[in-house]
Amino acid sequence: MDTDRTGTRPRPTRHGPVGAAPRRLAGIGAITVTSVLWGTTGTAATFAPEAGPLAIGSAALGIGGLLQALIALPALRAARARLRENLALVVAGAVAVGVYPLAFYGSMHLAGVAVGTVVSLASAPLASGLLELVVQRRPLGRWWTAAALLGAIGSALLCLSAAEGPSASPGRTAAGIALGLVAGATYALFSWAAHGLMGRGIDRAASMGAVFGAGGVLLMPVLAVTGAPLLASTQSFAVAAYMALVPMFLGYLLFGLGLARVPASTATTVTLLEPAVAAVLAVLVVGETLGGAGLLGLGAVALALAVLALAPAGGGGAAPRVETGATPARPPELR
């Protein structure tokens, strides 16, 4: 980027604003680490077999969401007026957070770790892109489209490979796939809602704390009803603690950092790494099968991530920019 003669005002060039590429790569990097952490959750859940998917899901994201709100209390107080102005986005995101883990862990319980994770995460980028297209009238970039298609193809191959395993049950797999689609849609919704709050000038910590804290509150009654098995043994308690603190609390902290730097559609596409990690762990640890189609699927997911990483700044959609002293653009209200 060039500067004016005083050397103080950067002028945009055809390559985008100063720091756009490093910010974007930092965002993709944070979400990549998040995806690896999230990819361990399905395998971790198998070490607490006496706890059902509702208990696992409500403990993991419910406690993790409340911790997000707890560390964001100063930011939440400072932004309370702006959050009230954008209550529709907060409520939409919170409801999505409340539904997502129940559908996600239910999907893995019925269809297996690999298939449940693959369907949930493969459908999320498509749902996220459609949200941005329909609600914000933001056209989908060619780089994002290519990455999303590669990721969807790779995830489908992973799903096909897992479904052909000797222990596959068509009825349970179909039910698991249906829940996975619900999980993908709600994941896209809360990602879009949190990103939208940031785009309206609300602090990242306040945006994530409001959405995930309120979602965590919605999950507490589910945990109260179903969570007793998590206290039945030291191992089950350790599984719940790990999932709440590491993939959910730490993971969503990193996810928020990434969402502040890239659009929701790009973020959900990067998280296509999660089903690849989950599939590998399902084979190595849980004992699920992954044939030639699954290996091709892993390669396609890796290629999708490479496409996103190499895309020019703005190729996957621009992250929200809030200039000092400027009024941020307000996307259309959620209706």
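**Group meeting: a walk through the helices**

Okay, let's start with the overall count: the chain has 14 helices and two strands. Those are DSSP runs numbered from the N terminus, where a helix is H or I over at least four residues and a strand is E over at least two. Before I go on, this is a predicted model, so local features need pLDDT of at least 70 and side-chain atom pairs count only at pLDDT 80 or more, while totals for chains, interfaces and linings use all residues. Residues are numbered from 1 along each chain as its sequence is written, and side-chain values use heavy atoms, with hydrogens and water left out.

How much of the chain is buried? Of the 335 residues, 51% are. By buried I mean under 20% relative accessible area; exposed is over 50%, and partly exposed is in between, with a 1.4 Å probe and protein chains only. As for contacts, meaning heavy atoms within 4.5 Å, take those between residues at least 6 apart in sequence: 87% of them join residues at least 24 apart.

Now helix α1, residues 20–38. Its 19 residues reach 27 Å from first C-alpha to last, close to the 27 Å expected at 1.5 Å a residue. That expected span is 1.5 Å times one less than the number of residues. Buried residues in α1 include Arg24, Thr34, Ser35 and Trp38.

Next up, helix α3, residues 53–71. What covers them?

Gln68 is worth a stop. It sits in α3 and is buried, with a relative accessible area of 4%. Leaving aside neighbours within four places in sequence, Gln68 touches Met208, Gly209, Phe212, Met248, Phe249, Tyr252 and Leu253.

On to a helix pair. Two packed helices are described by the angle between their axes and the distance between the axes. For α6 (residues 87–111) and α10 (residues 204–226), the axes come within 7 Å and cross at roughly 45°. The axes here are lines fitted to C-alpha atoms, for helices over the stretch in contact, and angles run from 0 to 180 degrees between N-to-C directions. So α6 and α10 are oblique to each other; under 35 degrees would be roughly parallel, over 145 roughly antiparallel, 65 to 115 roughly perpendicular, and the rest is oblique.

Who meets whom? On the α6 side we have Val90, Gly93, Ala94 and Pro101, among others, and on the α10 side the residues include Phe212, Gly215, Gly216 and Val222. The residues of this contact divide into 13 nonpolar, four polar and no charged. In that scheme Ala, Val, Leu, Ile, Met, Phe, Trp, Tyr, Cys and Pro are nonpolar, Asp, Glu, Lys and Arg are charged, and the others, Gly among them, are polar.

Let's stay on α10 for two residues. Ser207 is in this helix. Is Ser207 buried or exposed? Buried, with a relative accessible area of 0%. Beyond neighbours within four places in sequence, Ser207 contacts Ala194, Leu197, Met198 and Ile202. Ala224 and Ala55 are 169 residues apart in sequence, yet 8.6 Å apart in space, C-alpha to C-alpha.

Last one: Trp144, in helix α8 (residues 142–163), is buried at 5%.
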